[in-house]
Amino acid sequence: MPSSQPVSPHTRPALALNPRLDRKAIARTLKENGRVSIPDILVEENAERLTQALERETPWGFTYFDGKDACFIDPPVLASLPKADWSALIRSIHQQARTHFSYAYDLYPIQESARLGRDKHLFLHDFYAFLNGPVVLDFIRGILNDPEVQSADAQATRFGPSHYLSLHNDEVKGSGRRCAYVFNCTRSWRPDWGGYLQFFDEAGNGRTAFQPAYNTLNIFLVPQPHAVSYVTPFANAYRYAVSGWFRATPPTVIAS
């Protein structure tokens with residue numbers, strides 16, 4: 001069981017993947033299915049540190065899609081938003097979701113913050129640098145059998161009641177996306193709370209769904225139809241993760 005003992009915000013453990021990973025089996029599953037879920041991806045100390053960073057240290061904002069653009073409400077504005085304005089926004093987002101692509105969840109933009117030199121004290125920036133370092137990039141190149149992978153982008157996400165990410169396939173021409181990833185940091189989760197990474201076939205039938213399990217990395221090839229299912233109003237926890245794409249393009253900014 002993971003420890004829940006407090007960790008100092010100044011603690012910066014050396015980051016490492018679990019040395020016992022069966023890389024050949026992971027690569028084989030990914031090739032056969034187009035997706036793979038990898039439990040115990042990080043050494044336990046790192047998994048605990050990353051989870052505590054998401055639970056206790058991250059300044060969460062809120063992101064949604066308005067039908068044209070990705071929108072973000074930063075934490076100070078979110079904290080002062082009148083209840084009536086918040087209710088009106090949610091109604092508008094749900095109206096959009098009835099017929100078009102839509103999403104709504106809490107967000108901390110790691111890569112954008114690194115580019116702007118913000119929040120350098122946050123452990124999430126150390127983890128972003130780790131994702132773009134040789135240990136992780138070599139691992140991804142190996143399981144994809146793709147030497148062109150050069151970088152990862154990253155965002156921290158927190159899905160709570162009424163949050164979701166509707167059906168899409170992650171395809172953006174010219175983006176260099178090779179695969180999507182989700183480092184899950186949720187300590188416990190019930191299946192009936194929603195929040196699963198759900199994959200679909202061409203007929204719209206559900207194929208595979210990955211639970212947001214603690215210290216588990218989900219990888220899937222791009223493009224591929226998928227969604228994060230609606231988190232029920234009675235969910236009694238948050239779904240924490242760091243997610244993004246591994247790309248065949250150079251990194252923009254790497255935190256130090």
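A residue is termed buried when its relative accessible area is under 20%, exposed when the value is over 50%, and partly exposed in between, as computed with a 1.4 Å probe on protein chains only. The model described here is predicted, so that local features need pLDDT of at least 70 and side-chain atom pairs count only at pLDDT 80 or more, while totals for chains, interfaces and linings use all residues. Residues are numbered from 1 along each chain as its sequence is written, and side-chain values use heavy atoms, with hydrogens and water left out.

Helices (H or I, at least four residues) and strands (E, at least two) are DSSP runs, numbered from the N terminus. Ser-102 lies in the loop that connects helix H4 (83-97) with strand E4 (103-108). Because its relative accessibility is 0%, Ser-102 counts as buried. Contact is defined as heavy atoms within 4.5 Å. When residues up to four places away in sequence are not counted, Ser-102 touches Phe-65, Ile-93, Gln-96, Ala-97, Tyr-164, Leu-165 and Ser-166.

Helix H4 comprises 15 residues and spans 21 Å from its first C-alpha to its last, close to the expected 21 Å; the expected span is 1.5 Å times one less than the number of residues. Leu-89, Ile-93 and Gln-96 are buried in H4. Viewed down the axis of H4, the buried residues fall within an arc of 60 degrees, and therefore line one face of the helix. This arc is that of the directions from the helix axis to the C-beta atoms. The face turned away from the buried side of H4 carries the exposed residues Lys-83, Ala-84 and Arg-91. The buried residues of H4 pack against strand E2 (61-65), strand E3 (70-73), E4 and strand E7 (164-168).

Strand E4 is mostly covered, with six of its six residues buried. Two strands are said to pair if DSSP finds at least two bridges between them. E4 pairs with E2 in the antiparallel sense over four bridges, and Tyr-105 in E4 is the bridge partner of Thr-63. Two bridges join E4 to E7, again in antiparallel fashion, and Tyr-164 in E7 is the bridge partner of Ala-104. Three bridges connect E4 with strand E6 (residues 155-159), also antiparallel, and Tyr-108 stands opposite Ala-156 in E6.

Asn-215 is buried, with a relative accessible area of 5%.
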